[in-house]
Amino acid sequence: MSDEIRKVWEIIEKSAAYRSKRNVWKVTAIISMSALVALLAYVIWSNLPKVPPEGEVADQVTRILTAWGPSYSNGYLERANVKLTHRGITSGNIDVTCFFMPYDASKRLDGIKMYCTVKLKRLYEELPWLNECSFTIKCPYYSRPGGPIEWRQEVRFKFSRSIYEKIDWEKFSYADILKAAEDVQF
């Protein structure tokens, strides 16, 4: 072989050796970037609000609904049925039926509005995963004096996080909760 061909051959061999080293760095960089992206995704995912199991959801919601507060002067919660109707990874919807015992039957609706406003505000403050809540309020009626209690629906409505976020709670009249809610049924 001539010297020129030998020099060209050496250049090709050197570049091939260099190319393989350069490719190793590319693979290492790709693996490192993939690991960083995966780590970042895990950190973001782990900091998102998570929807707890259904039993825990019922316990959390019931604890908030039965807590002492300004709404207690209007009546109290006899019991509540809580059902998780939709469960995503970071958000969920619940259906709540409250068996509400008002103190003053003549001001029943006012007491219900106050109770609902206070409790819905606390639900959305304390449960970051809560997206939508269907709320049914039932109150007792007596079929005859001393007879058994019959629970009748007073009001049913839906309330969502988007409504909660639009309300200026410092200026909001608690009696207006049904005006802000959706799908109100008496």
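**Close-up views of a predicted model**

**View 1. Confidence across the elements.** pLDDT is the predictor's confidence in each residue, from 0 to 100. The protein averages 82, and 89% of the residues score at least 70. Helices (H or I, at least four residues) and strands (E, at least two) are DSSP runs, numbered from the N terminus. This is a predicted model: local features need pLDDT of at least 70, side-chain atom pairs count only at pLDDT 80 or more, and totals for chains, interfaces and linings use all residues. Residues are numbered from 1 along each chain as its sequence is written, and side-chain values use heavy atoms, leaving out hydrogens and water.

**View 2. Helix H2 packs with helix H3.** H2 spans residues 54-66 and H3 residues 108-126. Their angle is about 140 degrees, and their axes lie 9 Å apart. H2 is therefore oblique to H3. Angles under 35 degrees count as roughly parallel, over 145 as roughly antiparallel, 65 to 115 as roughly perpendicular and the rest as oblique. Axes are lines fitted to C-alpha atoms, for helices over the stretch in contact, and angles run from 0 to 180 degrees between N-to-C directions.

**View 3. Residues where H2 meets H3.** From H2 come Val61, Arg63, Ile64, Leu65 and Thr66. H3 brings Tyr115, Lys119, Arg122, Leu123 and Glu126. Contact means heavy atoms within 4.5 Å.

**View 4. Strands E1 and E2 run antiparallel.** Strands pair if DSSP finds at least two bridges between them. A hairpin of 4 residues joins E1 to E2. Valine 82 stands opposite valine 96 in E2.
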